[in-house]
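Colleague: Could you take me through this model? I would like to begin with a single residue and widen the view from there.

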Amino acid sequence: MTTLSPRRSGRPPGKRAMSRGAAYLLLLFGAVLTFAPFYFMFVFATHQRAEIFAFPPPLWFGDAFGENLRLLLERLPFWRNLWNSFYISVLSTLLTLFFCSLGGFGFAMYRFRGKDTLFALLLATLMIPTFLNIIPFYLILQALGWINEPKALYIPGAAGAFGIFLMRQYIASSIPHELMEAARIDGCSEFRIYWNIVLPLITPAMATLGMITFINSWNNFVGALVVMRESSTYTVPLALRSMQSAANTEWGALMAGTAISVIPLILIFIFASRRLIEGLTSGALKG
Amino acid sequence: MQSLSKTATPVRRRPSWGIVQRRLAPYLFISPFFILFIGFGLFPIVFSAYLSFHEWAPASGLGNMRFVGLENYHFNLTDPWFWKSLANTAWLAVASGLPQHLIAIPLAFALHTGFRRFKNFLSAAYFLPYITSSVAVALIFFTLFATNFGLVNQLLGWLHTVPVIGALFPSEPINWLGRAPYIKPVIAFVVVWRFVGWNLVLYLAGLQAIPRVLYEAAQVDGASTWQQFRYITLPLLRPIMFFAVTLTLIGSFQLFDEPYVMTNGGRTLAEAGQTTAMYMFRTAFEFSEMGTAAAMSWLLFAVIGVLTFINNRVFGRSGLNPDT
């Protein structure tokens, strides 16, 4: 406050450049720290156990990826696990997109009795901690005979409150009411309005919700841990964790499996990080 | 247009199919959520409350539930392992929760003010750990922190040989995941690593909502970067801070994946690295004490509820910007 000058802060330009440089270095250092574990995961996936723990450790890719993959497939039905994860994630995504866009459409474009109460109830369910219903959730699935069944992982969450909220926000802000009226005059049923008119208009929001759902489903650990009890029904996170508990951990194989499991996420991330981030954080500002 | 659609249906007729389906449609459209919620959300919670007053092992069948009143709650509240797990959870919540924000806020500020060109790229880079599976992340660090020749120990060993500063670093490899004093800091480190980017992105969104004019006015008045940060950014960031801290609080007290994987499913060092969520899970699915576990989940829920309430009172409303 003592160095008040009318136009700019009193610091000389040299000092400003230095602090800028320091901030830049710090950010770069942080980014390296963020990436390093991923890098070593891929590097370790291509080395044998002995090389991973040699001194100095490998810093560049080796040629043992095939060997590691062979070891991995010896220990686990890994292709099967990968398929399980893929199948569950895709179905979960498709169902979520359908039910959430439909629900969001209902909340955004109609006036009906009890709407506000129902929407408040929907938002309130977002506050329920997941662990609170793990046990009874398991018991219900057991009663339904859904233990070891993929549907236990894609049906219960298929119409999630977060997805409906996201869709409602997008539809309310992007679809004019006149469009509904026009379609009705043309003789469209309400479902056809949704299916033929609204759905094509909300593809950006669908893409965002689709990615979020796919990622969450792909990464779901606790849910799968509760439901999937046999190694042939394991999803990828369960399979990888089960390798860890083996007496003699095959580190190279473990890292190879981990690397493979992360690739779909990295691909989604590379193609759509902006959109993904906006979708995930949309509750922060608009909510 | 509207008047046209009204006159198109003669008044004397019963409501046509078009009107009926129009009235019913929204209820049908939103019904999947409510059906699934009642079946897989509401009913489980009610049942969990019921279960918490009973003694029951799932192997004995549903008919063999025995009403025990508050015994499950009493058992948990006098169980040293429960308190230990709660202490672990609280420790981890502080040790992993605070740094997340203390790192993310300045990083977001630096990105926002200084690096407009790389902002998107860098924030995305920091965000990557958040979308990576917790199990994959925990396994990567499980490897990096391995005792014998894990990368972290190798690095420390190498630093030990450096003159002058070498004495600061241990001469022996540290059993990070096998010794009680180390396991919690390692878990906290992994959690921080995973969530800094998430918070960074939240804060960036918050910073972008602050009108640029305020900074320009402050610059005209000669305020330094620090003063701008202290008197403009921090106060206006408070709503987002509140949101981010609440999420961290709720998330930290349910911490499960990372400690579960880092301690190998509780097989090593369960008492030192075990969170309450993990203890609850093991009580239910390894020890088959469903009633005790259900009671524990309600106790943990109460703890989270109280903390969220305190957080609301201390940090919430008063700081909210009336304009938003």
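Modeller: Let us begin with A:Phe44, which is buried at a relative accessible area of 3%. Please bear in mind that the model is predicted.

Colleague: And is A:Phe40 buried or exposed?

Modeller: A:Phe40 has 13% relative accessibility, so it counts as buried, the cut-off being under 20%.

Colleague: Which residues form an aromatic cluster with B:Phe29?

Modeller: On the chain A side, the cluster holds A:Phe98, A:Phe99, A:Phe105, A:Tyr110, A:Phe191, A:Tyr194 and A:Trp195.

Colleague: Changing topic, where does A:Ile134 lie?

Modeller: A:Ile134 lies in helix H6 of chain A, which runs over residues 134–144. Its relative accessible area is 13%, so A:Ile134 is buried.

Colleague: What does A:Ile134 touch, leaving out residues up to four places away in sequence?

Modeller: A:Ile134 touches A:Val222 and A:Val226 in its own chain, and B:Phe285 in chain B.

Colleague: How many residues apart in sequence are A:Ile134 and A:Val222?

Modeller: They are 88 residues apart in sequence, while their C-alpha atoms are 8.5 Å apart in space.

Colleague: Now to chain B as a whole. What is its secondary structure?

Modeller: Chain B has 15 helices and two strands. Its C-alpha trace spans about 100 × 75 × 35 Å along the principal axes.

Colleague: What radius of gyration does chain B have?

Modeller: The value for chain B is 27 Å, whereas a compact globule of 324 residues would have one near 20 Å.

Colleague: What share of chain B is buried, then?

Modeller: Buried residues account for 53% of the 324 residues. Of the contacts in chain B with a separation of 6 or more, 68% are between residues 24 or more positions apart.

Colleague: And what about the surface and the charges?

Modeller: Chain B exposes about 15700 Å², with 68% of that supplied by carbon and sulfur atoms. It has 21 positive and 12 negative side chains, and the centres of these two sets lie 19 Å apart.

Notes
Residues numbered from 1 in each chain as written. Chains lettered and ligands numbered in written order. Predicted model: local features only at pLDDT ≥ 70, side-chain atom pairs only at ≥ 80, totals over all residues. Heavy atoms only, no water. Helix = DSSP H or I, 4+ residues; strand = E, 2+ residues; numbered from the N terminus. Rg over C-alpha atoms; globule rule 2.2 N^0.38 Å. Buried < 20%, exposed > 50% of the residue type's maximum accessible area, 1.4 Å probe, protein only. Contact = heavy atoms within 4.5 Å. Areas by Shrake-Rupley, 256 points an atom, 1.4 Å probe, with all protein chains shown as cover. Lys, Arg positive; Asp, Glu negative; His and termini not counted. Charge placed at Lys NZ, Arg CZ, Asp CG, Glu CD. Phe/Tyr/Trp six-rings, centres within 6.5 Å; stacked < 30°, edge-to-face > 60°.
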